[in-house]
Amino acid sequence: MGCAFTGLADDLNALEWNPAGLAGLPAAEISALHTQYLVDTSYEMLGYAQPFGALGTLAIGVATLDYGDLPRFPERPDSLPGAPAGSTTARDLYLTAGWGTSLRPALGFRQVMAGGSLKFVNQQLSRGSLAGIGISLGALADLPVEGLRAGVLMDNAGEAAGAGAGRPLPVRWVLGTSLRRDLGSDLKGVAAADLGLGRDAPFGTNAGLELTAFDLVSLRGGWRTGQTAGPTFGVGLRTPASIAPGVAFRVDYASVSSGDLGSSQRFELSARFVSRHVPLIRNLEVAQESGVPVLRWTGRAAAYFVYRKPAADQRWSMVTERPAAEPLIALTGTPGRYIYRVVPVDPATGQSFDTEAAEIEVTLSGGEPPGGR
């Protein structure tokens, strides 16, 4: 998707792109990635995320960037490079730990998430090495417009340690947004865009589109600007629920152009684990959270869909455009009497458990807290 993910961040890759998105993971997830960069350079990553309910989600990752064998030119007494003398190696090691959690809805946002990550980087070239420690801080919010999400990221703020102490890391600021839309009964679309500015990089924009059919096959395309401007293309496949109940496997491939330098190939295999046990929803009630009226409940399902309809109507409308991982939503809308319905859902398969749903009648008023029964 043109490397535009800051304002979307809806899977384990949020650890790298925007740690706030970790809060939206409905279940444990593991992912392995291989990227074949330019010439002999390769990037490998292994990550794991574990949700802890209302507390948030913890994710860890380890990655290596290997530049392959490089020719070695010993320095001569006159400070000029000498004749080739064998080869040397260059390799980077990255260790990352991140946390994302949901905040109380505010300013009309449907959901607000925040997160951060701590990074350790070790760069090694021949017999020399350089280490650095940095942090990333991000936020995500589901805006009042259905399907619209915005995110912001401060990435890689820190300094080098050891031999390179005092040297700042290449900090970067990114603003992103995404829009989800149902284009039919079996077709969904996502558009995303990022605006970025870095200490060592000029202002750049990334944008992309994704189309998903039958919740099984996804096609992606996008464009990057800047020094490595060019198109990107990707495809994703997800296993049906009938193949492995309780776990959803996903395979993704992407080709990313780097302008005159060529393109890189990215392969990712991931699995999301979901418990098949969906307990009853209990204690569905209206409450106040920091002065904001909310609907909350208890239950240990991985995620929930929330619907509502006017009390005198028969047609339901969806309040949550994607499965909500937290058992709480803000109550907004035109004053009146409504019926709210909370349905447990398996986010890995999209299966709803309607027999476990719970309903409550809520009266929304302009100047008074809503009442429920």
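A229 is partly exposed, with 28% relative accessible area. This is a predicted model, where local features need pLDDT of at least 70, side-chain atom pairs count only at pLDDT 80 or more, and totals for chains, interfaces and linings use all residues. Residues are numbered from 1 along each chain as its sequence is written, and side-chain values use heavy atoms, with hydrogens and water left out.

**Exercise 1.** Find where A229 sits and how it lies relative to N206.

*Solution.* Start with the place: A229 is in the loop between β11 (217-224) and β12 (230-238). (Strands are DSSP runs of E, at least two residues, numbered from the N terminus.) Next, go to N206: it is 23 residues from A229 in sequence, and their C-alpha atoms are 9.2 Å apart.

**Exercise 2.** Decide whether S270 is buried or exposed, and list what it touches.

*Solution.* First, locate S270: it belongs to strand β14 (residues 263-273). Then check the cut-offs: buried means under 20% relative accessible area, exposed over 50%, partly exposed in between (1.4 Å probe, protein chains only). S270 has 4%, so it counts as buried. Finally, leaving out residues up to four places away in sequence, S270 touches E29, I30, S31, A248, F249 and R250 (contact means heavy atoms within 4.5 Å).

Note on methods
Helices (H or I, at least four residues) and strands (E, at least two) are DSSP runs, numbered from the N terminus.
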